[in-house]
Amino acid sequence: MSANLSDGLQNGFSPDQRNGTKNGTILYNGEKRAHFLKRVFQIILEDGVEKGTDVNSKVVEFVHPEILEKLIDLSIPESVTPDDRLLELCRETIRYSVKTGHRRFFNQLYSGLDQYGLAGSWLTDTVNTSQYTYEVAPVFTLMENVVLKHMATLAGYQGFDGIFCPGGSISNLYGINLARYRMFPEIKEEGMHALPKMCLFTSKQGHYSIKKSTALLGIGLKYMIEVDCDETGQMDPVALEKAIVKAECEGLTPFFVNATAGTTVSGAYDPLETIADVCKRHNIWMHVDCCWGGGALLSRKYRHLLKGIELSDSMSWNPHKMMGAPLQCCAFLTKHEQDKCYDVSYDTGDKVIIINRLYILHGSRKKITRKTDKTKAKLDKRSSLVIPEKSPLRNCVLDHTSLPPEFESRRGHIFEGRFIFDFASLPLEAIQCGRKVDVFKIWLMWKAKGDLGFEQLMDNIFDNSRYLVEHLKITEGFKLVFRKPQCTNVCFWYIPICLRDQEETPDWWAKLGKVAPLIKEKMVLKGSLLVGYQPLDHRVNFFRMVISNAETTKEDMEFAIAEIDRLGRDIVV
Amino acid sequence: MNVKDNTFVTPEGIEFLHKTHQMIIDDTLLKGTNIHHKTIDYKTPDQLQVAFDLSIDDKGLDYDRILDMFSSTIKHSLNTAHPRFFGQLYSGRQLESLTSSWVVEALNTNVHTYECGPVFTLTENYVIKKLTEKLGFLDGDGIFLPGGTMCNFCALHLARFAYDNNLREVGLCQSQKMIIFTSEAAHYSVKTGASFLGFGTDNVIFVDTDDSGRMIPRDLDDKIRETKEQGRVPLCVMATAGTTVLGAYDPLEELASICRNYNIWLHVDASWGGSVIFSDVHKHLMRGVENKYQIISFNIRADSVSISFHKLLGVQLQCSALMAKNKDVLRQSNAVDASYLFHEEKHYDISYDIGKKTMQCGRKADGYKLWVLWKAKGNDGLEKMVNKYFDIAKYFTERLAERREFKLVAPKVIPAIKRRMVEAGSLSISFQPLESKGYVNFFRIILNNPLTTRRDVDLILDEIDRLGNNL
């Protein structure tokens, strides 16, 4: 064996340097290592934090990928790289990265740089533990409970359980999985092979993670049904109900509706109360994806946007978006109360949520013939009474008789009378084993700011976006895509001089669609501002300016408008 | 106007960051790794809830109070960098990786597009390229995912896609039964994955293991054959390189031959043991063959491999990657349209937008941390690190064999010692029974902390003896 113990780590804090220790403390190769940490910290502070948030510096120093690959020496060497070189690389990394904390960064749904959040995430990374048992993460485990409970209370959930996830996509995945389990508890052991085809619903403007999850969970993309939205991007509840009925008629089992509170592009809040009614009528799990728009819950002035969220079964809410926590910080919550079913209740890794809730499931007048004895026994035991449900659309379902024979039994109990089942044992298992500690930074921010502090920030974000809308209305060359945005996404076209005062023919629109990419390129190269653009349905490319940095001001709104005008007015398409 | 006036991080804010930084160095890095300090100042959940003010109120707090909070957070947290922490599969502190994670946090961005994370997408691409080369996937691809479990999920997803890509469209309802093979010693995420992805845990078949915990190829072959005879579809084999408890490496070469024979997907969950690819001395373990001859062209005969670098290498949590031999399968199986992120009209080469390869949307820049560590240590440094851990483990095994009191312990003794250990805070080691092998509770010591020396290893034995000899 070539290496032996005394070799230690050449450049690390070798154990053999313990000779130079004071009272048993390992000084990281003496002063040198401590010095390295200090210098990196200094670089981060100067280049990343101070310069990165300075309005006079660039939001991005854009270089094309092929060139950047050569500018930064990416290669892995055979032996150690000296500290000075590493520090240089840190500097370069910061230099060519996008300054998402810059007040002129409006490109994504996250932005800003909160010093509490940053300090909290540094500390988390240094303590470097995993969020799975109380044993290895005592403080953080308790904090997770506190923060999730606080969030659940804000949403109006009476009971709750939840977990922090690596990204809102994973939170949505949890939601779908729980809903599927509620409908078919046998899925866990037996899989989907023997089950009837099931389907789920989301709006056309819902996030694409629902689609990814549908594929991952084995449900099949075909069975993700996209519901139409109105002009503002809100899901149309009538269209939803029609889609549900249509699916039932086709022999599918609808089990999940995803409502969005703050859509990614247009920032629309789906009408949660009405959707909850529809879900209740058809006995479907309602999940609210408020990853983006959930921040409004903190504001007395704007929380009405999420009216009805308390009626949902589960929700996902990302504090790393509107609330400005460092990435990743995403909560999944369900209102179904946890029943501590095992002793080690503080160990969140194998978290199990037992749901004790009276579930209204459709029952059958004829005997339920289920494929699984296990489930059948459960159903028989819990079915107790029949409640009549009146929905004008139900009749259409009841009249429908041409079901595929293999679903006769299953459909039977969906179409006819209703039973109440007390569905127990709905487990929310953490799908991760080790889990990064994401709670500390948001707990700390919340502790520092308090609810009232956060309310001010949310109000500021929303007020600024409203100000921006008003300003755009009166500025020549700008055309709003949505006249009255609900969340803080403000979408607009910029019309360069060459296209102004002309008839809006298809040809004109096609030309307008080329404007945003051209302005974007100029913007990126200049580095003065970062605003994203995209097409949506029949609408050609338009800018989406996202206000999610709590520290931006009205002046920043004015700057953005003036800058886009400067960059774009003379464009010829 | 002065630059400082323009930043919205105020002078007080900067000072606060400075103080936080000082506290991190003093309390967690210096004190936290001091062998005279405890691995944890243990309190029960109830005690801790009293000692620590968790509540969130209407009004906020000032910087000084926040710093107090930090101090008590550190005080009551487990010191995973302590040289006497052997409790989990992650431990220690690599300074380069620590500082790189600070950089990542300060830059706070996603790696779904080049637009949002230019440096981070490039470093991730580069590291993935190096890793696929190390594994011998000449035309492979990969992605960093949040943890080994997600990697296993994604591997199952790939296996299903490779078997029949139409299943992504039509789902599993009314489909054939698909069977996943794994060993009884494999990580529980295989089962969780089977449940989540719609296969069902009943359709996970456990292959027997030998005394050292390795999957028995013959048994696998038998079970696959049986499955086929019953008209079910053998979908994939989830092999393990470094099992969670015993640290066993499945005999990959033989498993690969079987999988090729039946044409089924082979995934290697090398979350724990995969870092041996950095060591010429130990990388043969991954192939599951004896290192009889000099390996000239090393390659892993698997369809996908996942490795968690936050484990053996000590990169800051989370840092896990999934590598696939087929270049296109990740993108094809995960990509869906999201015009707001991945539109075609961008002014740069959009092949650098790597977000389409994952089931996530936003994703942290985990690959950057590995890149910095690797860059800092070089190939040599990582190799030495891996070799050192194996050396200490060997030494520990030898010492253990010399001491009679460490052979068999009664099942009740271990939990009792563990309790005393946590209360004393001198050591952190976990224990478990292993029923499949008929073992009662035993200690599992994980050696992957750069601070651990032979002396620490001796201390472990003395300390367990001291805590336990009067039971």
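This report walks through the domains, the contacts between them, the chain interface and the cavities of a predicted model.

## How the chains divide up

Let's start with chain A. Its domain assignment gives domain 1 (3-99), domain 2 (161-334), domain 3 (353-389 + 400-421) and domain 4 (439-568). Note that domain 3 of chain A is written as two segments, 353-389 and 400-421.

For chain B, the assignment lists domain 1 (3-76) and domain 2 (109-370).

## Inside chain A: domain 2 against domain 4

The centres of domain 2 of chain A and domain 4 of chain A sit 26 Å apart, again taken over C-alpha atoms. Their contact draws on 32 residues from domain 2 of chain A and 31 residues from domain 4 of chain A.

What about the polar side of things? Between domain 2 of chain A and domain 4 of chain A there are 15 residue pairs in polar contact, counting pairs with both residues at pLDDT 80 or more. On the side of domain 2 of chain A that touches domain 4 of chain A, the residues split into 16 nonpolar, 12 polar and 4 charged. The rule also finds 3 salt bridges across this domain interface. Elsewhere in the list of pairs, A:Asp463 and A:Lys301 form a salt bridge, with their closest N and O atoms 2.9 Å apart.

## Where chain A meets chain B

Now for the two chains. Here 164 residues of chain A are in contact with 162 residues of chain B. Together the chains bury about 15,200 Å², and 63% of that is on carbon and sulfur atoms. Which residues of chain A lose the most area to chain B? They are A:Ile76, A:His193 and A:Lys447, and together they make up 6% of what the chain A side buries.

A:Lys447 turns up again in a salt bridge, its side chain meeting that of B:Asp53 at 3.0 Å, N to O. Across the interface of chain A and chain B the rule finds 3 salt bridges, along with 62 residue pairs in polar contact, both residues being at pLDDT 80 or more. As for make-up, the side of chain A that touches chain B has 86 nonpolar, 47 polar and 31 charged residues.

## Cavities

How many cavities of 30 Å³ or more does the structure hold? The count comes to 18. The largest cavity has about 320 Å³ of space in it.

That largest cavity is lined by 30 residues. Nearest its centre are A:His207, A:Asn318 and A:Lys321 from chain A, plus B:Cys361 and B:Gly362 from chain B.

Terms used: Residues are numbered from 1 along each chain as its sequence is written. Chains are lettered from A and ligands numbered from 1 in the order in which they are written. This is a predicted model: local features need pLDDT of at least 70, side-chain atom pairs count only at pLDDT 80 or more; totals for chains, interfaces and linings use all residues. Side-chain values use heavy atoms; hydrogens and water are left out. Domain bounds come from an automatic or database domain assignment. Contact means heavy atoms within 4.5 Å. A salt bridge is a side-chain nitrogen of Lys or Arg within 4 Å of a carboxyl oxygen of Asp or Glu. A polar contact is a pair of N or O atoms within 3.5 Å; within protein, one must be able to donate a hydrogen and the other to accept it, and residues adjacent in sequence count only if both atoms are side-chain atoms. Ala, Val, Leu, Ile, Met, Phe, Trp, Tyr, Cys and Pro count as nonpolar, Asp, Glu, Lys and Arg as charged, and the others, Gly among them, as polar. Buried area is the accessible area (1.4 Å probe) that two parts lose on being put together, summed over both. On a 1 Å grid over the protein atoms alone, a cavity is a set of points where a 1.4 Å probe fits but cannot get out, and a pocket is an open set with protein on both sides within 12 Å along at least five of seven lines; lining residues have an atom within 4 Å of a point. Grid points are joined across faces, edges and corners, and a volume is the space filled by probe spheres set on the points.
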